[in-house]
Amino acid sequence: MDSAFSAADLSAIWLTIKLATVATLILLLIGTPLAWWLARTRTWWKGAAGAVVALPIVLPPTVIGFYLLVAMGPHGPFGQLTQSLGLGLLPFTFAGLVIASVIYSLPFVVQPLQNAFEAIPEHALETAATLRASALDTFFSVALPLAKPGLLTASVLGFAHTVGEFGVVLMIGGNIPEQTRVASVQIYDHVEAMEYAQAHWLSAAMLVFSFAALLVLYTFNPAGKRK
Amino acid sequence: MIHARFSLAYPAFVLDVDMQLPGRGITALFGPSGSGKTTLLRCIAGLERAEGGLLRVNGEVWQDDTNFLPAHRRQIGYVFQEASLFPHLSVRRNLEYGWQRIPPARRKVKLEQVVELLGLKKLIDRNDPSNLSGGERQRAAIGRALLTSPSLLLMDEPLSALDAASKQEILPYLERLHGELHIPVFYVSHALDEVARLADHLVLLERGRAIASGTLGDTLSRLDLPTAHLDDAGALIEAAVVVHDEAYHLTRLDFSGGSLWVSKVEHAVGSLVRVRVLARDVSVATVKPEGSSITNMLAARIVEIRDEGLDRVSMRLSVGDGQMLLTRITRRSRDQLRLATGMEVYAQVKSVALIA
C-alpha cells in the first residue's frame with residue numbers, strides 16, 4: 001500500500017474529507033431552516049426562492065466559481081466586507097472553499113429536506129400545538145424526527161457532492177497543497193503529469209467512496225420502505 | 001360559561017356564530033357536513049384565526065380584539081377525526097407528550113387514571129403506534145389529550161373514522177369520561193345517535209350559523225328544526241329504573257309522564273337511564289285502546305302539528321312535566337281523527353331504545 005498513495009495524495013484526501021465535513025455541517029445548519037421555510041411558506045416569491053436554491057444544479061460549476069471569485073475578490077462586495085472585517089480575501093483559502101462548497105451543494109441538502117418536511121401531514125403539527133408545543137418545540141420534537149430519512153439523504157448527498165466537486169474548487173481554490181488541493185484536483189494533476197497509476201488509485205478511491213455513500217443511502221433510508 | 005363569537009368568510013363558506021355555551025357537561029355541535037362544526041372547533045382551539053372573534057372560557061379571555069392566545073397556550077385537549085398519534089413515539093411517549101409540557105402543578109389528570117379510564121393498560125408499552133387498531137389509536141389519542149388536564153376538551157367527530165364495532169368499543173369509555181372527569185366537552189358530530197347518547201347540550205349548525213342551542217331533550221323535541229325531519233328523529237327521556245320483571249325479562253322505567261316497559265336492562269333499580277323514543281315508533285289514539293299488544297301507552301296532549309312532506313305530519317306531544325314525545329303519522333290519519341293542538345290523546349309507543 002505504500003506505493004498506492006503518496007503523501008500529497010493522502011493530504012489531498014484528508015483535505016477533501018475535512019472540507020466535505022465542514023461544508024456538510026454548515027449546509028445542515030443553513031439548509032434545515034431554509035428547507036422548513038420553503039416547505040411551509042405561502043409567500044408568492046417561494047417559487048423564486050426555490051429556483052435560486054436550485055440554480056447550482058444546472059449552472060456549470062465554473063460559472064458559480066467565476067461569480068464567487070468576483071464577489072469574494074478585492075473589488076467584489078463580499079471581498080470588501082471580509083477585508084473591512086480584517087479577514088482578508090477568501091479566494092484561494094480553505095474558508096473560501098468552504099463557502100463555495102456550501103453554495104454549490106445547497107440544493108442537494110435543501111431539496112431532500114424540503115420534500116421530507118412537505119410530507120409531514122399538517123395535522124401532526126397541529127396536534128403538537130394542541131398538546132402545548134410551541135412552534136420551535138414542534139419543529140424539534142415532531143418535524144425533525146419525522147423528517148429523519150430526508151435528513152440522512154441530505155447529509156449523504158451534501159457530503160458526497162462536496163467531495164465530488166472540481167470546477168468550483170479550481171476557480172475559487174486554485175491548487176494549493178494542504179489548503180485547497182482536494183482529491184479531484186489532485187487526480188487532475190496526476191493525469192496532467194501522466195502519472196496514471198497514481199490517478200488510478202485516487203480515482204478508484206473516489207469511486208468506492210461514492211458507491212459506498214449511495215449504498216448507505218439506498219439500503220438504510222427508511223423512506224423507501226414506507227408506503 | 002363559554003362565550004364564543006366568530007365570523008369568517010371564505011369564498012365558498014361562511015361561519016357566523018355568537019353563542020353562550022355551558023362550561024360543563026358535553027355540548028354537541030351537530031350539523032351536516034359543511035355546516036361549520038369543525039371550523040368552529042378549530043377557531044375555539046386557536047388553529048384557525050378568526051379576526052375580530054371573541055372567546056371567553058370560564059372567565060378567561062382566549063381571544064378578543066387585542067388578544068389572540070395561540071393554540072399551544074390554550075388549555076384545551078383536542079381529539080382529531082383521524083387518530084393522530086405521533087408515529088415516531090411509543091404509545092407511552094405519545095401519552096406523555098402533552099403531560100410533559102404543562103407545569104407540574106397543573107397536572108390534575110394522572111397517567112394511571114387515564115390508563116384505567118380508557119383501558120390502555122395493554123397498549124401503553126407498545127412501541128409502534130401504527131400497529132394499533134383504529135379504536136385503540138383513538139383511545140390513546142383521547143388519553144393523550146386528557147393528560148394535559150384541559151379546561152375544555154374538543155372532539156372533532158372522534159368516531160367517524162371508525163367501523164361500527166370500534167365505535168361501540170369506544171362509546172362506553174366516552175360515557176365514563178363524562179361521568180368521572182369534570183371537564184367540559186365540545187363534541188362535533190353528524191350522527192344523531194352518538195349525540196343522543198352522549199350530549200347534555202345541543203347546538204345545531206347549518207351553513208355556518210347556529211340555528212338552535214339548548215338542552216338536548218328540548219332541542220331534539222322541537223319540530224321547527226332540521227333534526228325533526230331526520231329519519232331517526234325522536235324525543236329523549238331520562239327515566240328511573242323502578243323494577244325488573246324477571247319472569248318476562250322486562251324492566252319498568254318511570255318518568256314524569258308515566259312508565260315505560262322495556263327489555264330488561266342491566267342497570268340497578270334506582271339508577272337513571274336515558275332512552276330514545278323515535279317519532280316513527282309512536283302512534284296516537286283518541287280513545288284509550290283496548291286489547292292492544294302495545295304495552296306502553298301514555299296519556300298525552302298535542303302541543304304542535306307540522307306538515308312533514310306531502311303525506312305526513314309530525315306532532316309534538318306533551319307527556320307529563322315538561323316531557324315531550326314526537327310522533328309522525330299520515331296526514332290522512334290526522335284528518336280522520338280530527339287531531340288538533342290542545343287535544344288529549346293516547347300515545348302508543350311501539351319501541352324504546354335504551355341509549356345510556
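**Bends, sheets and contacts in a predicted model**

Visitor: What makes you say that helix 2 of chain A bends, and where does the bend lie?

Guide: Helix 2 of chain A bends by about 30 degrees at A:Val52, with a proline, A:Pro56, following within four residues; the bend is the angle between axes fitted to the seven residues ending at a residue and the seven starting there. The model is a predicted one, in which local features need pLDDT of at least 70 and side-chain atom pairs count only at pLDDT 80 or more, while totals for chains, interfaces and linings use all residues. Residues are numbered from 1 along each chain as its sequence is written, and chains are lettered from A and ligands numbered from 1 in the order in which they are written.

Visitor: How does the span of helix 2 of chain A compare with the expected one?

Guide: Helix 2, residues 46–58 of chain A, has 13 residues and reaches 19 Å from its first C-alpha to its last, close to the expected 18 Å, the expectation being 1.5 Å times one less than the number of residues.

Visitor: Why is chain B called as compact as a globular protein of its length?

Guide: Chain B holds 8 helices and 20 strands, where helices (H or I, at least four residues) and strands (E, at least two) are DSSP runs numbered from the N terminus. Its radius of gyration is 23 Å, close to the 21 Å that the globule rule gives for 356 residues, so chain B is as compact as a globular protein of that length; the radius is taken over C-alpha atoms, and the rule is 2.2 Å times the number of residues to the power 0.38.

Visitor: What makes strand 13 and strand 20 of chain B edge strands?

Guide: They belong to an open sheet of 5 strands with the order 13-12-11-14-20 and antiparallel pairing, two strands being paired if DSSP finds at least two bridges between them. Strand 13 (258–263) and strand 20 (353–354) of chain B each have a single partner strand, so one side of each is left without a neighbour in the sheet.

Visitor: How do you know that strand 12 and strand 13 of chain B pair?

Guide: Strand 12 (residues 250–255) and strand 13 of chain B are joined over 6 bridges in the antiparallel sense, and B:Arg252 stands opposite B:Trp261 in strand 13 of chain B.

Visitor: How many residues of chain B are in contact with chain A?

Guide: In chain B, 16 residues are in contact with 13 residues of chain A, contact being C-beta atoms, placed from the backbone, within 7 Å. Strand 6 (76–79) and helix 2 (91–99) of chain B are the elements that give two or more residues to this side of chain B.

Definitions and conventions: Contact = placed C-beta atoms within 7 Å.
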